[in-house]
Amino acid sequence: MKRSLLRGWTNDDFHMLEKGVIRAQHQLHETGLFSDESLAQLLDNQPDDFLTISTMGSDPTRFDWIEGDRNGASGREIVELVHAGKLWLNMRQLMKFQPAIAQVVHDIYDELESKSPGFTAQDRSANLLISSSTAMVPYHVDMPVNMLWHIRGKKRVWVYPHFDHRFASQTVLEKVCGGELSEDIPYDPEFDHYALVFDVEPGQLLTWPQLTPHRVQNLGGLCVSLSTEHKNARARRRINVHEANYWLRKHVGKFCNSASAEGIGAQARQALSRAIRLGRKLSAGKAKEQFVYTKSFAIDLQSPGGIRMLDVETRTPELLREAVST
Ligand SMILES: [Fe+2]
């Protein structure tokens, strides 16, 4: 029998998956897969196109997130810079490039499926988040269902009320699912009054329902978290409903006041969303475009902080630019 990577889960924890906010325990931090040496090796095996390198300011009310270029830096050099500077790395789609971690992710999801009634995790993916002790991640949503397995360092996570349009309006979620916005969404510090706040230690998992807004502030040490993502029929339908609503609003001027993922209306909008995607593919030969940030700095070990700014115009989604300027 495989070793379980979960620890001390209650029946309620298994039952609440995708339905509520859960803090539970795991043992990923004891696998030895995430030491500095292992991280350097993982980074060396990760294609540049699937590694996001970011830095940011210190004020959570300002959106000053920028992304940069690896510029040929080795895994070891990048890990040293994360220790010394203020970087946030996202190694994306690990399941494709890191077989040892892919196996761990499958083991976890297989166990969750076997113990959580009705829970299915299809389209499994995983990202490894490696960040400096003072880094922070702005207010955002993740489109798939998202689970944050914390492994090293300490971070504070604010989790805002789920399925509540005061914190992520229907229009904003439509723009995220329609590809007009990145997953970063407008933030108001007043939202914090309604957040659940967790100081997360190695060996703890946080998870919440799909599209729940959250933000993160690291509290100390080099932070490593595995962010696993999955979809299933309901999760795909929820994204498709938002995407269809976005299309109807943009091209037909029709505002749909329901974003429910259940019922005949959701099925119909899922069909519309799939037809739109098929039409786009047949006419332009390409999939939906998702917002991407310009690379506005490069890793440069000779520069202060290991970062050299590039002479490019930084691209920021209009909604976030408005939020920053007001
Ligand atoms: Fe997230």
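How many helices and how many strands does the protein have? In this predicted model, the protein has nine helices and 13 strands. Its radius of gyration is 20 Å, close to the 20 Å that the globule rule gives for 326 residues, so the protein is as compact as a globular protein of that length. Taken along the principal axes, a box of roughly 55 × 55 × 45 Å is filled by the C-alpha atoms.

Burial and contacts describe the interior. Of the 326 residues in the protein, 37% are buried. Among contacts with a separation of 6 or more, 80% are made by residues 24 or more positions apart.

Spanning residues 75–84, α3 has the buried residues I78, V79, L81 and V82. These buried residues fall within an arc of 160° when seen down the axis of α3, so they line one face of the helix. The partners against which the buried residues of α3 pack are helix α2 (36–44) and the strands β5 (88–91), β6 (122–131), β11 (214–231) and β12 (295–299).

Helix α7 covers residues 233–252, 20 residues in total. From its first C-alpha to its last, α7 reaches 27 Å, close to the 28 Å expected at 1.5 Å a residue. The buried residues of α7 are A235, then the run R237, R238, I239, N240, V241, H242, E243, A244, N245 and Y246. After α7 comes G253, which has a positive phi, near 70°.

Notes:
Residues are numbered from 1 along each chain as its sequence is written. This is a predicted model: local features need pLDDT of at least 70, side-chain atom pairs count only at pLDDT 80 or more; totals for chains, interfaces and linings use all residues. A residue is buried if 20 or more other C-beta atoms lie within 10 Å of its own, exposed if 12 or fewer, and partly exposed in between; C-beta atoms are placed from the backbone. Helices (H or I, at least four residues) and strands (E, at least two) are DSSP runs, numbered from the N terminus. The arc is that of the directions from the helix axis to the C-beta atoms. Two residues are in contact if their C-beta atoms, placed from the backbone, lie within 7 Å. The expected span of a helix is 1.5 Å times one less than its number of residues. The radius of gyration is taken over C-alpha atoms; the globule rule is 2.2 Å times the number of residues to the power 0.38.
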